[in-house]
Amino acid sequence: MKNVLEVEHIAKHFGGIVAVEDVSFAVREGEILGIIGPNGCGKSTLFNCVLGQLTPSAGRVKLDGQDVTGLTPEEMNKRGVSRTFQLLQVFPELSVRENLILAGQEHKGTMISRLFGARDAGLTAEADRMIGFFRLGHLAEAKAGGLSYGQQKLLDAAMAFMAGPRLVLLDEPAGGVNLTMLGDLKERLRAMNAEAGATFVVIEHNMDFVMSLCTRVLVMAEGKVLAIGSPDEVRANPAVIEAYLGH
Amino acid sequence: MKNSVLAAAFAALSVVSPALAQEKIKLINVVELSGAGATAGTNWKNGIDLAVADINAKGGILGRQIEIIHYDTQTNPGNTRAAVQRAIDEGTYAVLGPVFSGPIGASMQIAQRAEIAQIVGGEAAGLTKQGNPYIFRTSLSQSAAMPKIATYLQNGVKAKTVAVVWVNNDFGKGGRDSILPELEKRGIKVVADVSTEQGQADFAADAIKVKNANADAVFVYLNEEESARFLTAAKQQGINKPMVGETTLLGAKVIQLAGAAAEGVKGHVGLSIDAPVPAFQEFGKKFQQRFNAISDHNGLKGYMAVHMVKWATEKQKKFDKKGLADTLRGARITPKDEPGIMIETKIETNGDIDRESFLAEVVAGKQVIKETLPMINP
Amino acid sequence: MAEFIAYLIAGLATGAIYALAAIGFTLVWQTSQTINFAQGEFVMLPAILILAMVGFLGAPFWLATVLGIALFVLLFGWGFKIVIVDPMIRHGVLPLAIATMALAIIMKEGAKDGFSAEAQNFPSFLPVQTISLGGVSISLQHIAIILVACAAIGGLQWFVTRTKTGRQMQAAAQNPNVALVLGIPVARMVMLTFLINAGLAALASVLISPIYLAKFSNGEVIGLFAFIAAIVGGFNQVRGALAGGLIVGVIDSLAAAYISTSYRLAVPLVLLVIIILVKPEGLFGRKEERRV
Amino acid sequence: MIHSSLLSRLDGVFLTLILGALVLWFVPAGMGRYGTYVLSLWLVTAVAVMGLNLTLGVAGLKSLAQAAFMGIGAYATALLTTKGGMGWLPAFAISGLLTFAIGLLLGFPALRVKAHYLAFVTLAFSTLVWLVLRNEQWLTGGVFGLSNIPRPTLFGLKLDGHLAFHRFVVVATVLLALALWWLIRSPWGRAFLALRENPVRAASLGINIRAYTLLAFAIGSAYAGFAGALYAPLVEFIDPSPFALSASFFLLLMVVAGGSGYQLGPFVGALLGVVLPEWLRFTGGLYLILFAAIVVALLIACPQGMLGLFERFWNAIRRRPMGRNLPLREEQP
């Protein structure tokens, strides 16, 4: 199977503190890779290094075999990689639809057409499709800031799909979402994976969520990779049990 | 309490009473009461208030009391223009002010279009060179004063080299641009040309620079406070060359602020409350009494401005706005005809002023007049 | 050389005053992440208040000084925080910064209309003689200003780093939430910061007014230079403000001497731009790590 | 339903602009020269504030050089129409382009470091511009300024009189306001807003932060240039004083006091900054203190400025009779 993303020996230091140390893994086309690990083990820092929010201290990132280390977040996004953040990151002043249009507008047309062309950059239909897909239909006109936490999480995820990405990195999509919404979210993500053929990397704390959603799981501890494999393999791995599940 | 109620009742009555209200003649003063020109403008305004009080106490102009209104320009040309326009729209008899040349330049066409006299405190040479027949000065222009200083530097101080310290606003730059050619004409070399900022507080570096230039004399052309600060800094740096100035440097305010550092300062004085003219000194006392402050030359200018209006109105015997300007143009006003003018004043047809002026020196904390200079074209 | 030393001392004396005012920017920045655009007026006003005490109450000068400074610290330390900072701090920094601009107008116009539009003499507590050393005229007043200002700033630095209250104050300023958890009386500590700011401004006012004269418009120049000094030195450090003030004072003095008097003001500003491009956190500032 | 509410929101600003223009076209007829002049000055100032509102209110960039840009525009127009003998319209266009280009040049190094530092760099720039205007007398007239700046003749119409010029200013202001109205509703406007609210998230959505930041700053600066091009013929005289650093502060004050980020905020802010002090003149010498105190009180009461206050008030009235807006609930599958 083809690798979409290859992470090779990534390390990140803040002053004297080592947040990520020599992490390597590959993401295969079409899979949902979960990343788990205790708080502060470097998961989010790893994401930030891969996507250009931070410059890694060492190592390379390859997208489709091409070196993309050190590219800016917007350049990564232009290459079909999108993400969500651990904390909610929707634009509260904009409506749900406007949030989605914003997420897609830079992938359509030119700077000129974005100034003189249609206000919605021709994305209303696509946005409404996404709204329907994530079952936010009755809220299209509502300001994102007025939505419930779970709804905002859905919108946050929906925004990551607006540009039709081939690789999506989701940072704790289930964090703080209540149980009813959780099932919904999982189902939508799975559907997205099946229908759009997008590849996912998901950081998550919720074990059930990860184990039931992901095809493979990577376990991190203290900035390093502890194990990688199918959910069952990981569950059976003694090192993982010792370091993480055991407690 | 009772008194104030009564006073309010009287005030209300007087507003209602048409006879009284009609009699007032409206004068609007547009001047710098905030921003960079606030000090000069406040003196000008106080001089005007004093003149209006004096005139009203003596029965007004042709029997009508003056109603004076002051509009602040914030030393901003755009606002000045608005205020002058407002003054004209509200039917002012003449426009008084402003003092700074920039705001004057921004507003003088408006008074010209309305054919209303504008009596200003500006000294920059360019104002009267634009062929505007409605602009009138209240003091010598810099192009008239600077030759006198240059001659004094040549003959009185016998300086071969001069350091020039000036404030980089329209007043200082205008003076500097006027004196440099005059000095050159007289073979005096300028060895340091030091520009300073309006409102500058720290003159130590400038004083050191002047000291190192080692000129025979220092010509200081700054506003009052800056003059005092510079003199103090010069004394701190041990400069012992003669300090020569024009009007402001020898003003009472500078002497008060600079104290011992002003000792021995000499130069040319146009309008000064210390000049050997009894009316000037009396004005100075009245001003001090009323405002608890020492008037600079702008106070005198403001006082004279109102009396120019009074004299011309009484001369034309009516309140005709255009006639006021026509009467002032080319006029000669003597203190005998109009005591409030204080010193014989000739108004040129372009709005310039000609008067006697003085050479003075600061001795024992007092301005002492050494010589009286005649009018340029008597 | 003698000439250079003369410029240097004059520049250091001016710079010491800028430093005192710049610390005010630093303190207000630390506690409220905003810029007090009235900082220059904070240095202008105490001298006016003192003179007003002499004029209106007929108090002797020393008493007027004590009363004037006390009144100023009350109004513009305590009052400033209660009336202006507290209600607005929750709504972001911009409205607060704008309010301080309006406050500057009120202070300036108030001093002009309430006291005088003209400059006034202000007596000096310091020696005013000039001594000559190796061909250089040195004003004792300048030397004294440098010493007093440095002592005050040194004292503040000592207070902040070596005393318990000082450290609590620093903690409250830098991370109020953590400080609260640690049991530090944050509100009181923040108030203390504002009182110290007002006190330092009053000190600068008393030091500088004998030379600059007391005038309502003095704050504009001092405010601008102190602001430049704070940026140059680094906005988040007390010693940065001291260094920034001294550097800006000296640069300004040397610029007047060796560059152009009419472009004198440009030199510290060009320095400022260079520092921003090369070392954005200021010469002595702490780097704030950019996080997601 | 979706469309009608969208349209009504969109037309609120649009209609206000058109109606306001009509009113301002006719209103000065009975006002005299002074009133007309103050109205024109208000509109010209509003154009500069509009630009700053885009930079600050929409895109969240703090610029302290808006008055300096206005000065560049004013001097460019004054020089081109007097010494250059050019018509007003090309001078106006050049003023805008020039300030736009300078905005790009200035913003590029400053924003390379951190958006935050734009404030400091523009502070320095503002003072440097003022120094050049004052010192380079051969070009700018120095402290004596430039006088006799002609009022334009457009399409054969002489706009010399106060009323004709005022109407010209009204038209120019409305056109500029509508252009901005269009811009803010375009995807560009959405991107500007995104970089104010959350630049990190915006970048992750492929929005080119640096390009949009530079554009927001440069377009805002160009509006100051346009305002300057209108200011010069309005006052017919310019000198460096209205373009000093303090004037930039004052424009910032107008943005915030009017309502930062609100599209009509600049008009309200400039009304506060230009017309309120004129109106307060009846109080005599204390009018500036009073003005400043009103601003402080307004900001304490409502840090979102006049329009923020208005919006709060409006919501309060609307809610009461209609019943509260129901809180949005989570979808129940």
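**Notebook: strands, domains and chain contacts**

I began with one strand pair: strand β1 (residues 25–31) and strand β3 (residues 95–96) of chain B pair in the parallel sense over 2 bridges. Two strands count as paired if DSSP finds at least two bridges between them. Helices (H or I, at least four residues) and strands (E, at least two) are DSSP runs, numbered from the N terminus. I noted that B:I28 has B:V95 as its bridge partner in β3(B).

The model is predicted, so local features need pLDDT of at least 70 and side-chain atom pairs count only at pLDDT 80 or more, while totals for chains, interfaces and linings use all residues. Residues are numbered from 1 along each chain as its sequence is written, and chains are lettered from A and ligands numbered from 1 in the order in which they are written.

**Entry: strand β6 of chain B**

Next I looked at β6 (residues 161–167) of chain B. This strand is mostly covered, with 6 of its 7 residues buried. Buried means that 20 or more other C-beta atoms lie within 10 Å of the residue's own; 12 or fewer means exposed, and in between is partly exposed, with C-beta atoms placed from the backbone.

β6(B) pairs with β7(B) in the parallel sense over 7 bridges. There, B:V164 stands opposite B:D193. The chain gets from β6(B) to β7(B) through helix α7 (residues 170–185), and this β-α-β crossover is right-handed. That term means that, with the strands pointing away from the viewer, the path from the first strand over the helix to the second runs clockwise.

β6(B) also pairs with β8 (residues 217–221) of chain B, in the parallel sense over 5 bridges. I found B:V220 in β8(B) as the bridge partner of B:V165.

**Entry: strand β3 of chain A**

I turned to chain A. In β3 (residues 32–36), 5 of 5 residues are buried. In a regular strand the side chains alternate between the two faces of the sheet. Here A:I32, A:G34 and A:I36 point one way, A:L33 and A:I35 the other way, and all are buried.

I checked the partners. β3(A) runs parallel to β8 (residues 199–203) of chain A, joined by 4 bridges, and A:I35 has A:I203 as its bridge partner. β3(A) also pairs with β9 (residues 216–221) of chain A in the parallel sense over 4 bridges. A:L33 stands opposite A:R216 there.

Chain B is divided into domain 1 (2–140 + 278–347) and domain 2 (142–269 + 357–373). These bounds come from an automatic or database domain assignment. The C-alpha centres of the two domains lie 30 Å apart. In contact are 11 residues of domain 1 and 18 residues of domain 2; contact means C-beta atoms, placed from the backbone, within 7 Å.

The largest nonpolar core has 442 residues, and B:V165, C:A19, C:I98, C:A229, D:V47, D:Y223 and D:L253 touch the most other members. Such a core is a set of buried Ala, Val, Leu, Ile, Met, Phe, Trp, Tyr and Cys residues joined through C-beta atoms within 7 Å. Helix α10 (residues 209–235) of chain D gives the most to this core, with 18 residues. Why does this core lie between domain 1 and domain 2 of chain B? Both domains give residues to this core, so it lies between them.

**Entry: chain D against chain C**

Leaving aside its neighbours within four places in sequence, C:I98 is in contact with D:L252, D:L253, D:V256, D:A257 and D:L299. I then took the whole contact: 29 residues of chain D touch 29 residues of chain C. On the side of chain D, α13(D) gives the most, with 8 residues.

**Entry: B:H307**

B:H307 lies in helix α12 (residues 297–316) of chain B. Is B:H307 buried or exposed? B:H307 counts as buried because it has 23 C-beta neighbours inside 10 Å.

Methods: Two residues are in contact if their C-beta atoms, placed from the backbone, lie within 7 Å.
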